[in-house]
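I opened a new notebook page for this protein chain.

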Amino acid sequence: MARALWKGSLTFGLVNIPIELHTAVRDHRPRFRMLHAKDKSPVRFERVCIKDGHPVAWEDLVKGFEYEKGRFVIVTKEDFQAAALEKTRTVDILDFVNAEEIDDRFFETPYYLVPAKGGERAYALLRAAIRDSGRIGIAKFILRDSQHLAAVEVIQDAIVLTVMRFADELVDVNQFEFPADSSIRKPELEMAKTLVNSLAAEWDPSKYTDQYRENLMRVIQAKVKGKKADIEPEEEPRQAEVVDLMERLRRSLAQGGRAAKPRAAKARRPARAAKKRTKHAA
């Protein structure tokens, strides 16, 4: 098993379950370094003072908050310590709420909560209780000196903690202007719904892949071998003004809505993915 990112306990009421926090996602994107084109040597970036143009050593750096354009206040280690909350090692579940009530924009990064030795029975009990209730736990915990809001839910056999955004981190949707439904004509709506239904499929995440990353890795691997990757460019559709929306819908339906794709295998849907999307409200 991979090394835990964090160890502590999951608490609700007077129940305390020892757990480990493990990442639930991975990043496959290729990493690049900046090189000197002449000799392919890695380039080191220096910390240079804007005012005098001289390099600054690590020990001479301080953190500053820009409260006005070009004006800073220095924040010291003692200031951070004064603001810090007590470093607890607990994920404290505060409430259990209906999954349908949570706006999807709140969810950020998922982690697996894995029971530590001695916590297996209590873990299984909480998992069953959450699953049967149909609710999601809302918790707070501290990771890397910062307090985070989190959702605690059951996905398959795991209790999953998903870091959430706080309410003031969401941009208010009302600052944008969106077209009114009154501009829709009924024939257009019926044809659009037909097109949507023609694209209906069961959720199978394995069939959606990052084609750009795959092509890029083929290019890189070919260059390592001194060869050129044979990648056929996809033909981009020509952009044109939408003169007749109905005609576009008819043409889409005539083409079957999409290119032929393999039939999706039935996949088990996680708890939150199965919920109905609610109207977004910041």
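**Entry 1: terms and ground rules**

I start with burial: buried means under 20% relative accessible area, exposed means over 50%, and partly exposed is in between (1.4 Å probe, protein chains only). The model is predicted, so I note that local features need pLDDT of at least 70, side-chain atom pairs count only at pLDDT 80 or more, and totals for chains, interfaces and linings use all residues. Residues are numbered from 1 along each chain as its sequence is written, and side-chain values use heavy atoms, with hydrogens and water left out.

**Entry 2: salt bridges**

I count a salt bridge when a side-chain nitrogen of Lys or Arg is within 4 Å of a carboxyl oxygen of Asp or Glu. How many salt bridges does this rule give? The count comes to 7.

I looked up arginine 71 and glutamate 68. Their side chains meet in a salt bridge, at 3.7 Å from N to O. Glutamate 68 is partly exposed, because its relative accessibility is 45%. Arginine 71 is also partly exposed, with a relative accessible area of 45%.

Next I looked up arginine 29. Its salt bridge partner is aspartate 27, with the closest N and O atoms 3.2 Å apart. Arginine 29 is exposed, because its relative accessible area is 55%. Aspartate 27 has 38% relative accessibility, so it counts as partly exposed.

Then I turned to arginine 185. It forms a salt bridge with glutamate 188, and the closest N and O atoms are 2.7 Å apart. Is glutamate 188 buried or exposed? Glutamate 188 is buried, because its relative accessible area is 12%. Arginine 185 is partly exposed at 48%. I also noted a network: salt bridges that share partners join Asp27, Arg29 and Arg31.

**Entry 3: the largest nonpolar core**

Helices (H or I, at least four residues) and strands (E, at least two) are DSSP runs, numbered from the N terminus. A nonpolar core is a set of buried Ala, Val, Leu, Ile, Met, Phe, Trp, Tyr and Cys residues joined through side-chain atoms within 4.5 Å. In soluble globular proteins, nonpolar side chains tend to be buried together.

I found 23 residues in the largest core. Leu10, Val91, Leu113, Phe141 and Leu161 have the most contacts inside it. Several elements each supply at least two residues of this core, among them strand E1 (6-12), helix H2 (120-133) and strand E7 (135-143). Which strand gives the most? E9 does, with 5 residues. Another core lies apart from this one; it has 10 residues, among them Ile102, Ile136, Met164 and Leu170.

**Entry 4: two residues and their contacts**

Contact means heavy atoms within 4.5 Å. I left aside neighbours within four places in sequence and listed the contacts of leucine 113, including Leu10, Ile19, Tyr123 and Leu161.

Isoleucine 138 lies in strand E7. It counts as buried, because its relative accessibility is 14%. Beyond four places in sequence, its contacts include Ile93, Leu94, Ile102, Leu149 and Met164. I also checked isoleucine 138 against leucine 161: they are 23 residues apart in sequence and 9.4 Å apart in space, C-alpha to C-alpha.

**Entry 5: the second largest pocket**

On a 1 Å grid over the protein atoms alone, a pocket is an open set of points where a 1.4 Å probe fits, with protein on both sides within 12 Å along at least five of seven lines; lining residues have an atom within 4 Å of a point. Grid points are joined across faces, edges and corners, and a volume is the space filled by probe spheres set on the points.

The second largest pocket holds about 400 Å³ of space. It is lined by 13 residues, and the closest to its centre are Cys49, Ile50, Leu61, Val62 and Phe72. Strand E3 (63-68) and strand E4 (71-75) each supply at least two lining residues.

**Entry 6: loops**

Lysine 40 is found in the loop between E2 and E3. Its phi is near 60 degrees, a positive value in a residue other than glycine. Lysine 40 counts as exposed, because its relative accessibility is 67%.

Glutamine 156 lies in the loop between E8 and E9. Its phi is near 55 degrees, again positive in a residue other than glycine. Glutamine 156 is partly exposed at 46%.

Phenylalanine 32 lies in the loop between E2 and E3. What does it touch, not counting residues up to four places away in sequence? Phenylalanine 32 touches Leu216 and Ile220. It is exposed, with a relative accessible area of 60%.
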